[in-house]
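Dear colleague,

Here is the structure I said I would pass on. My notes on the ligand site and the nonpolar cores follow below it.

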Amino acid sequence: MSTNIAVLGAQWGDEGKGKIVDMLTPHFSAVARYQGGHNAGHTVYVQGKKFVLHLIPSGILHPGVTCIIGNGVVVDPQALFKEVDDLARMGVEVDGRLLVSEKAHVILPYHRELDVLSEARRGERKIGTTSRGIGPAYEDKIGRRGIRICDLLGDRQALAEEVRENVHARNQIIKESTLDWKPVFEQLVAHGDRLQPWVGDVSLYLAKARAEDRSVMFEGAQATLLDIDHGTYPFVTSSNASIGGVCTGLGVPPSAIGGVLGVAKAYTTRVGEGPLPTELSGALADRLREGGQEYGASTGRPRRCGWYDAVVVRYSARINGLDAIALTKLDVLDGLPEVHICTGYRTAKTVLTEFPADLRALSNAEPVYDTLPGWKSVTKGATRFEALPPEAQRYITRLEEVSGVPCAIISTGSDRAETIVRDGSVVHRWLSKELNVDDLRVG
Ligand code: IMP
């Protein structure tokens, strides 16, 4: 049987985790999301059909795989219902395969409004959130006035009290606002009725899976540099996207995690505000944005683009204990005359080689680059490392050296089959089998 593994973002999100999770899913009995909400957007292409998943793990596209939404996730019931309905229209049924933690917190109808308001109040210092109400929902959770899914299914009187208190807190934030708690309560009761068949004890389910030797993949959303504790604070999301979130967001012990796969793009992107030390502008940025279709899967926003930053990935490797990297979108670099890898940040005083906590250290910093020759022939669709142009092989080898982590998987296109799984890599050990291209075509 396979080992339980975590698959998470090693940069600022949008690394292509959806494809990696999707191609590995047939080797697991369940896929579990541990944090975030419908701010995530995982795009998966299967036989030319495009699926964008926000809340439900992308494993749902594989019949027989259980998909879990853990307590660390914040759930907007309407967003979840929409996703379930959209999947049904595309022929994917979730009933009997979806498990939502009874402890997960609910994104309330006005959390979105609070998100937008908070951004407007920050003015120039805005975070650039996805406006999905994620931050305010987590604020209520930490403020101990949040409403959990189990509350929607339990004592109606108690729920009415909780909603009244929560709406009162909201009315104090939004001045001159007198939102009535009753319609909110009634809507939540209706949501509870629809959610009910999917709700359960995720920690218990995962403990049983372990006891029965059924392996699980833990799927991260957003990424390490967007982590509330380890990311570029305050330009982060409000959850622990890095490895610690697996334990707190699902109720599993650290010993349940047998391996950690970091997903990193062959270059770097970020949406929203905050530092991006290798950021490019002009024709080169446009070239990466268009080539990589770097537009938010959730919001459609154009992503900022830059060179691969090994300081960032090395930092992610340390925080998460990365065993290996899945390097994505290598083909987007095809045809560039040269490629760059950032190995440090030059400031007025020194060269930083570790990612700093205080972002002011980065304000006038210049990236220090290793410059390598590009490659003229295409990598798109390659399924063997040896089939890559020698310059692309060199780029990957150098990137491994400076990041300190081997690239076990290299994605060379959006389709499942456009993937290299390196010989002798840890992935084969995790899955207890030698993967080949046909394995990747499953589904
Ligand atoms: P929030 O999660 O909507 O509060 O947004 C906080 C920050 O995280 C913003 O910079 C967003 O652009 C970023 N963010 C949230 N979700 C994603 C994602 O799935 N991919 C990339 N960035 C994200």
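T130 places a polar side-chain atom 2.5 Å from an oxygen atom of the ligand. Bear in mind that this is a predicted model. N39 also reaches an oxygen atom of the ligand, with a polar side-chain atom at 2.9 Å. On the nitrogen side, an N or O atom in the side chain of D14 is 3.0 Å from a nitrogen atom of the ligand. The ligand taken alone exposes 470 Å², and the protein buries 96% of that area.

The ligand is surrounded by 16 residues, the closest being D14, N39, T130, T237 and R301. By class, this shell is made up of eight polar, six nonpolar and two charged residues.

Now the cores. The largest nonpolar core holds 55 residues. Inside this core, the residues with the most contacts are F218, V246, L250, Y308, I325, L333 and Y395. Helix α12, residues 390-403, supplies the largest share of the core, with five residues.

What does L250 touch, leaving aside residues up to four places away in sequence? The list for L250 runs A32, R33, Y34, I68, G70, N71, V202, S203, L206, F218 and G245.

As background, nonpolar side chains tend to be buried together in soluble globular proteins.

Regards

Key:
Residues numbered from 1 in each chain as written. Predicted model: local features only at pLDDT ≥ 70, side-chain atom pairs only at ≥ 80, totals over all residues. Heavy atoms only, no water. Core = buried A, V, L, I, M, F, W, Y, C linked by side-chain atoms within 4.5 Å. Buried < 20%, exposed > 50% of the residue type's maximum accessible area, 1.4 Å probe, protein only. Helix = DSSP H or I, 4+ residues; strand = E, 2+ residues; numbered from the N terminus. Contact = heavy atoms within 4.5 Å. Near = heavy atom within 4 Å. Polar contact = N/O pair within 3.5 Å; in protein donor to acceptor, adjacent residues only side chain to side chain. Areas by Shrake-Rupley, 256 points an atom, 1.4 Å probe, with all protein chains shown as cover. Nonpolar A, V, L, I, M, F, W, Y, C, P; charged D, E, K, R; others polar.
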